[in-house]
Amino acid sequence: MIKNKKYPLYEGLTKIDNVKDMLRKRTEETPDSPALSYNADDVKVTKTFRQVEEEAVALGTWLMKQGHKGQKHIAIIGNNSYKWLLAFFAIAESGNVAVPVDKDLSPEEVMRNLKMADCTAVFVEDALSEKVKSFKQKNVILLSELDSLIEQGRTLINNGDKSCLSVEVKDEDVCCMVFTSGTSGVNKCVVLTNSNMAAEINYTSMLFAPDGSTVAVLPFHHAFGLVVGIFMVYYYGKETFINKNLSTVSKSLVNQKPQTMFLVPVFVEAFHKQIWREAKKQNSDIKLKAAMKASNALLKSGIDMRKKFFNSILTPFGGNLEFIICGGAALDPFYVKEFRSWGIEILNGYGMTECSPCISVNRNHHHKDGTVGLLEPNVEVKIAHDEEVLVRGPVVMREYYKNPEATAEAITDGWYHTGDLGFVDDEGFLTLTGRKKNLIILSTGENISPEELEIEIIRDKAVCEVLVYEENKKIIAGIYPEEGFRGNKEYFDKLIKKINFPRPAYKHINEVRLRDTEFIKNSTKKILRNNKDNYK
């Protein structure tokens, strides 16, 4: 059993200069290994690293033949799919700029984003084509047509067209422009260069190393889901199975048996509640608690019986799951300890789109509960006088596209202002304590981080979602209950009384408001704090 302690960085991989370089080097090193797989009509299709690069170059050649070259901004809209990724790779191969757009936006919001990013073309899933019907149709490329376009690209290459193969990708060139998915304020368009992306892939991979396949469930238009969940795994030469939508996650896990997954807290919390719900349904919850206690005691003696004790818990995850990399929002350390008891290590990480996106992550065998891990190599963190976390390094974005005011506000002397509060301990682990903009400042001058209270409340079996906020000098807890507890105001009043008890009076929640519907969230399942409907 490997002990949790400091050990050398993973440095065995060939450094890359950009995404195009990543595809090429991976083909050179492991051409016939499985790279990306997916289901088509319930049949698994697997693409090798050689096939992915060859198809990307062919599609990129077709793109350039149509005049899409020289850093043109090309959007991608669709569900997670192999063709979505192939469109991104083709854009990168041809030296253009990929602009991932959230498929769940309204047609008006989609067109606003395309205009904001100055897109000249768009790849779109057929079922979503109505969202871009006002876009110049000759520059709308349906993802269903990719097979045909790839064949046209192959023909061009066979006839001597080397335009895509010979594209020189410069460090300062833009690789992609990603829209922020924050929970407050208007989204902005983050410009990430080739050097940003290369630094992220090279350096994050030195902290964490997967030792098996993954199942991708996070949306590709989100930087964490794409860069860390896909590109980093690709760089390592491991297979990623592309899960199409949330309804197929359980089936994908059982069939693909991943070793690692990349998730946001809402997935972890949902899995956790499902495990305990199932245990209670089978009248085995007391037995499970006893097994966890016994297993944890054995672990302290160096004896690991978790696979034997908790086979029924591990099987729905495929039976091989060892690591969950969790990012995108704060996760209560309580879940980390519970999953560890069952044999799955949750490694919390931290980042944001503006930092390509990873800043820190707990390592496979060097982690600390309650923190978001160790800093990525070559990334510096400074804690400002007000405890805001500032970041500097090669992963920090170039700018917000055509928004110099917002850029100047976010970056000062090379330091990116994250808006998060935290500290770095003497071992180098970063801990976050709250969000600067979310602080509740009372008339007494006391500051309260709503996240601190939300983490306590969400642990309860009856709570599905929670949002803590201030209204008329009172602290309110808005709660969307789990089924079976809806409308039970008495239960939640008792819960809040229990949570208030050990805290100073100024941190007490004054009122509970139960909701009949879920909170409105963004595409990464974070509750939108700036949406007025979430405060009803």
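The questions below concern a predicted model.

Q: Why are α2 and α5 called roughly perpendicular to each other?
A: Helix α2 (residues 49-65) and helix α5 (residues 146-158) pack at an angle of about 80 degrees, with their axes 7 Å apart. Angles of 65 to 115 degrees count as roughly perpendicular, and α2 and α5 are therefore given that description.

Q: Which residues of α2 and α5 meet, and how do they divide by class?
A: On the α2 side the contact is made by Glu54, Glu55, Val57, Ala58, Leu59, Thr61, Trp62 and Lys65. Their counterparts in α5 are Leu146, Leu149, Ile150, Gln152, Gly153, Arg154, Leu156 and Ile157. The residues of this contact comprise nine nonpolar, three polar and four charged.

Q: Why are the buried residues of α5 said to line one face of the helix?
A: The buried residues in α5 are Leu146, Leu149, Ile150, Gly153, Leu156 and Ile157. Seen down the axis of α5, they fall within an arc of 115 degrees, so they line one face. They pack against α2, α3 (82-93), β5 (121-124) and β6 (140-142). Asp147 and Asn158, on the other side of α5, are exposed. After α5 comes Gly160, with a positive phi near 105 degrees.

Q: How do you know that the length of α10 agrees with its number of residues?
A: Helix α10 (residues 285-300) has 16 residues, which should span 22 Å at 1.5 Å a residue. Its end C-alpha atoms are 23 Å apart, which agrees.

Q: What puts the buried residues of α10 on the same side?
A: Leu288, Met292, Ser295 and Leu299 are buried in α10. They cover an arc of only 70 degrees around the axis, which puts them on the same side of α10. Their cover includes α9 (265-281), α11 (306-309), α12 (311-314) and α13 (333-342). The face turned away from the buried side carries the exposed residues Ile286, Lys287, Lys289, Lys293 and Lys300. Just after α10, Gly302 has a positive phi of about 85 degrees.

Q: Why are α1 and α3 called roughly perpendicular?
A: Helix α1 (residues 19-29) and α3 pack at an angle of about 105 degrees, with their axes 8 Å apart. The range for this term is 65 to 115 degrees, and α1 and α3 are therefore roughly perpendicular to each other. Val19, Lys20, Met22 and Leu23 in α1 meet Phe89, Ala92 and Glu93 in α3. By class, this contact has five nonpolar, no polar and two charged residues.

Q: Why is α7 described as largely enclosed by the rest of the structure?
A: In helix α7 (residues 223-235), 13 of the 13 residues are buried, so the helix is largely enclosed.

Q: What makes Arg503 count as buried?
A: Buried means under 20% relative accessible area, and Arg503 has 16%, so Arg503 is buried. Arg503 is placed in the loop between α16 (489-500) and β26 (511-514). Not counting residues up to four places away in sequence, Arg503 touches Glu452, Leu453, Glu456 and His508.

Q: Why does Phe423 count as partly exposed?
A: Partly exposed covers values between the 20% limit for buried and the 50% limit for exposed. Phe423 has 39% relative accessibility and therefore counts as partly exposed. Phe423 lies in strand β20 (residues 415-424). Leaving aside its neighbours within four places in sequence, Phe423 is in contact with Ile383, Phe429, Leu430, Thr431 and Thr433.

Q: What makes the backbone at Asp118 and Lys257 worth noting?
A: Most residues other than glycine have a negative phi. Asp118 has a positive phi of about 55 degrees although it is not a glycine, and Lys257, also not a glycine, has a positive phi of about 50 degrees. Asp118 lies in the loop between α4 (107-116) and β5, while Lys257 lies in the loop between α8 (249-256) and β11 (260-263).

Q: How do you know that the peptide bond joining Ser356 and Pro357 is cis?
A: Its omega is about 0 degrees. Pro357 is in the loop between β13 (345-351) and β14 (358-361).

Technical notes:
Residues numbered from 1 in each chain as written. Predicted model: local features only at pLDDT ≥ 70, side-chain atom pairs only at ≥ 80, totals over all residues. Heavy atoms only, no water. Helix = DSSP H or I, 4+ residues; strand = E, 2+ residues; numbered from the N terminus. Expected span 1.5 Å × (residues − 1). Buried < 20%, exposed > 50% of the residue type's maximum accessible area, 1.4 Å probe, protein only. Arc of directions from axis to C-beta. Contact = heavy atoms within 4.5 Å. Axes fitted to C-alpha atoms, helices over the stretch in contact; angles between N-to-C directions. Parallel < 35°, antiparallel > 145°, perpendicular 65-115°, else oblique. Nonpolar A, V, L, I, M, F, W, Y, C, P; charged D, E, K, R; others polar.
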